Amino acid sequence: MRSAYVLKLGVAGYREAWDLQRAFSASVGEGSLPDTVILVEHPPVVTLGRRTEADELHIPTEADVEVVETDRGGKSTYHGPGQLVCYPIIDLTRHGQDVKKYCRDLEEALIRTMAPFGIEATRIEGLTGIWLERPPRKIASIGIHISKWVTTHGYALNVDLNPAPFTEWITACGIENALFTTMARELERPLAVDEVRPHALNALAEVFDLDFEEFPKEALDALRLKRAHERPAQPAAVFK
């Protein structure tokens, strides 16, 4: 079992979390940080993967939502409060250098996260993400980026939010007429992200053989200060 850090950001902007991912990935890649996982909720944002097509977006002009172009794989998806977003920054040279296995491991971590709640999530051949069956309805999305064997981006699990933006604002994941659901809807009760987060962390620890401890506050403060001085160019395009 390898030592790893977890950073629980609470609610944070997409660009802030992405900036931290880039900083962490550089440190993980050079070996100055162990594998690190960010757990976060985002204010409403539509993110566009590298395969997004223009006709996927049909966001109402009055919608209060950001649109951010990213470097992850896949198509468009939606993030909002009530969704648990997980960004593992993992050096795959420590985990077999197998991209397909990494994606399967993320799927397995999601399946194990929901199991303690009695939700039987699964994979569906030919479809991305994690689903519930009969009828097929999507409950979690996966989109990753890998550079020099270090991972960024990750998964988004619908805990308790209105899934309407997945179908009304975008053609989520490029899938026409897909159904989307949440853990709360399946359980027929309210469900807080705080209740799900420990199970998500346990699942990641089991699947990736990691021993988590909280990311040191002083290290995070130092990293943020360093990034502020560097002021890297933002590759994201953001619209209102």
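Q: How many aromatic pairs does a search of the whole structure find?
A: The search finds seven aromatic pairs, where rings of Phe, Tyr and Trp (its six-membered ring) pair if their centres lie within 6.5 Å, with planes under 30 degrees apart counted as stacked, over 60 as edge-to-face and the rest as tilted. This is a predicted model, in which local features need pLDDT of at least 70 and side-chain atom pairs count only at pLDDT 80 or more, while totals for chains, interfaces and linings use all residues. Residues are numbered from 1 along each chain as its sequence is written, and side-chain values use heavy atoms, leaving out hydrogens and water.

Q: What kind of aromatic pair do Tyr78 and Trp169 form?
A: Tyr78 and Trp169 are edge-to-face, at 5.6 Å centre to centre with 90 degrees between the planes.

Q: And why does that pair tie together parts that are apart in sequence?
A: Tyr78 lies in strand β5 (residues 76-79) and Trp169 in the loop between α3 (164-168) and α4 (183-187), so the pair joins parts 91 residues apart in sequence; helices (H or I, at least four residues) and strands (E, at least two) are DSSP runs, numbered from the N terminus.

Q: Are Tyr78 and Trp169 buried or exposed?
A: Both are buried, meaning under 20% relative accessible area, with exposed over 50% and partly exposed in between (1.4 Å probe, protein chains only). Ring pairs also link Tyr78, Phe166, Trp169 and Phe180 into a cluster.

Q: Switching to the sheet, what is the strand order?
A: The open sheet of seven strands runs β7-β8-β9-β6-β2-β1-β10, with mixed pairing, and two strands pair if DSSP finds at least two bridges between them. β7 (130-132) and β10 (210-214) stand at the edges with a single partner strand each, so one side of each has no neighbour in the sheet.

Q: How do β1 and β2 run?
A: Strand β1 (residues 2-11) and strand β2 (residues 36-41) run parallel and are joined by six bridges, and Lys8 stands opposite Leu39 in β2.

Q: Which residues touch the most other members of the largest nonpolar core?
A: Met114, Leu157, Met183 and Phe212 do, out of 39 residues in that core, a nonpolar core being a set of buried Ala, Val, Leu, Ile, Met, Phe, Trp, Tyr and Cys residues joined through side-chain atoms within 4.5 Å. Helix α5 (residues 193-208) gives the largest share of this core, nine residues.
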